[in-house]
Protein chains: 2
Amino acid sequence: MHKLKIRIDMDKTTAMGPGKADLLELIIETGSISAAAKRMHMSYRRAWELVDVMNHCFDEPLVITNVGGKSGGGAEVTAFGLSMLQSYRQLIRKTSELAASEISSITRHLRKETH
Amino acid sequence: MHKLKIRIDMDKTTAMGPGKADLLELIIETGSISAAAKRMHMSYRRAWELVDVMNHCFDEPLVITNVGGKSGGGAEVTAFGLSMLQSYRQLIRKTSELAASEISSITRHLRKETH
C-alpha cells in the first residue's frame with residue numbers, strides 16, 4: 001500500500017506532518033496527550049515533544065495543557081490548532097485530487113509485494 | 001525558511017522523497033554514487049542504501065552501477081529513473097501552485113526566527 005505524505009518543515013524541524021496531524025486529532029478525541037500517545041503506540045514523552053515542537057514552530061499554541069489536573073495531562077487543541085489541522089488535511093486532499101496523475105505515474109510503478 | 005516536503009511511501013519505506021530525488025539528480029550530474037554522496041554530505045554507505053531502497057521499491061531499477069570500474073562506483077540513472085524523478089519534481093511544482101492557499105494558510109503562521 002502506498003501513501004502520500006506531506007510535511008511542512010521550518011528550517012530543519014517538521015512543523016506539520018502526518019504524525020503531528022494524527023496526534024492533534026487524537027488529542028481532540030481523547031482530551032489528553034497521554035491517551036493520544038497510547039492510541040498511537042508512542043511514548044508519552046515522544047508525544048509531548050511533538051506537541052512542544054508544534055507549539056514552538058507556530059506563532060500561537062496549537063495545544064494547551066492543563067498541568068496539575070487530576071488526570072495528569074489533560075490537553076486541549078486550540079481553535080488555532082484546529083485551523084492548522086484543517087488546512088493540513090485540505091492540503092493533502094487537494095494534492096491527492098489535483099496532482100493525481102503525477103502521483104499515479106509514480107505509484108503505478110511501485111512493486112505490490114512487501115519484501 | 002519553510003519547505004514543502006512530499007514523500008511517497010510504500011508500506012513503511014519511502015520510495016521517493018526529497019533526499020532520494022536530490023541524490024538521483026546528483027548521480028546524473030556526477031555519474032557516481034560516491035561523488036553524489038559527497039555533495040550531499042552523506043556517507044557512501046548511506047547513499048548506496050537509498051539507491052538500493054529505490055531500486056527495490058519500484059518494478060524497474062532507477063540507478064544501475066558499474067561494479068569493478070576503475071573509478072569504483074560509476075553509476076547511471078536509467079530512463080525509468082529519470083522519468084520517476086521528473087514526475088516527482090512535477091508533483092512538487094503542481095502542489096506548490098495548486099494548493100498555494102492551503103500551504104500559505106499554514107506557513108504564514110510559522111515563526112520567522114530560528115531558535
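Two strands are taken to pair if DSSP finds at least two bridges between them. In this predicted model, pairing of that kind builds an open sheet of 4 strands, in the order E2(A)-E1(A)-E1(B)-E2(B), with antiparallel pairing. Strand E2 (13-16) of chain A and strand E2 (13-16) of chain B stand at the edges, and because each has a single partner strand, one side of each is left without a neighbour in the sheet. From one strand to the next, the twist averages 55°.

Within chain B, strand E1 (residues 2-10) pairs with E2(B) in the antiparallel sense, and 3 bridges join the two. Met10(B) has Thr13(B), in E2(B), as its bridge partner.

A helix pair also links the chains. Two packed helices are described by the angle between their axes and the distance between the axes. Helix H4 (residues 79-98) of chain A packs with helix H5 (residues 100-107) of chain B at an angle of about 155°, and their axes are 9 Å apart. Since angles over 145 degrees count as roughly antiparallel, H4(A) is therefore roughly antiparallel to H5(B). The crossing in which H4(A) passes H5(B) is left-handed.

| Helix | Residues in the contact |
|---|---|
| H4(A) | Met84(A), Ser87(A), Tyr88(A), Gln90(A), Leu91(A), Lys94(A) |
| H5(B) | Glu102(B), Ile103(B), Ser105(B), Ile106(B) |

Sorted by class, the contact of H4(A) with H5(B) comprises 5 nonpolar, 3 polar and 2 charged residues.

Conventions:
Residues are numbered from 1 along each chain as its sequence is written. Chains are lettered from A and ligands numbered from 1 in the order in which they are written. This is a predicted model: local features need pLDDT of at least 70, side-chain atom pairs count only at pLDDT 80 or more; totals for chains, interfaces and linings use all residues. Axes are lines fitted to C-alpha atoms, for helices over the stretch in contact, and angles run from 0 to 180 degrees between N-to-C directions. Angles under 35 degrees count as roughly parallel, over 145 as roughly antiparallel, 65 to 115 as roughly perpendicular and the rest as oblique. A crossing is left-handed if the near helix is turned anticlockwise from the far one by less than a right angle, and right-handed if clockwise. Two residues are in contact if their C-beta atoms, placed from the backbone, lie within 7 Å. Ala, Val, Leu, Ile, Met, Phe, Trp, Tyr, Cys and Pro count as nonpolar, Asp, Glu, Lys and Arg as charged, and the others, Gly among them, as polar.
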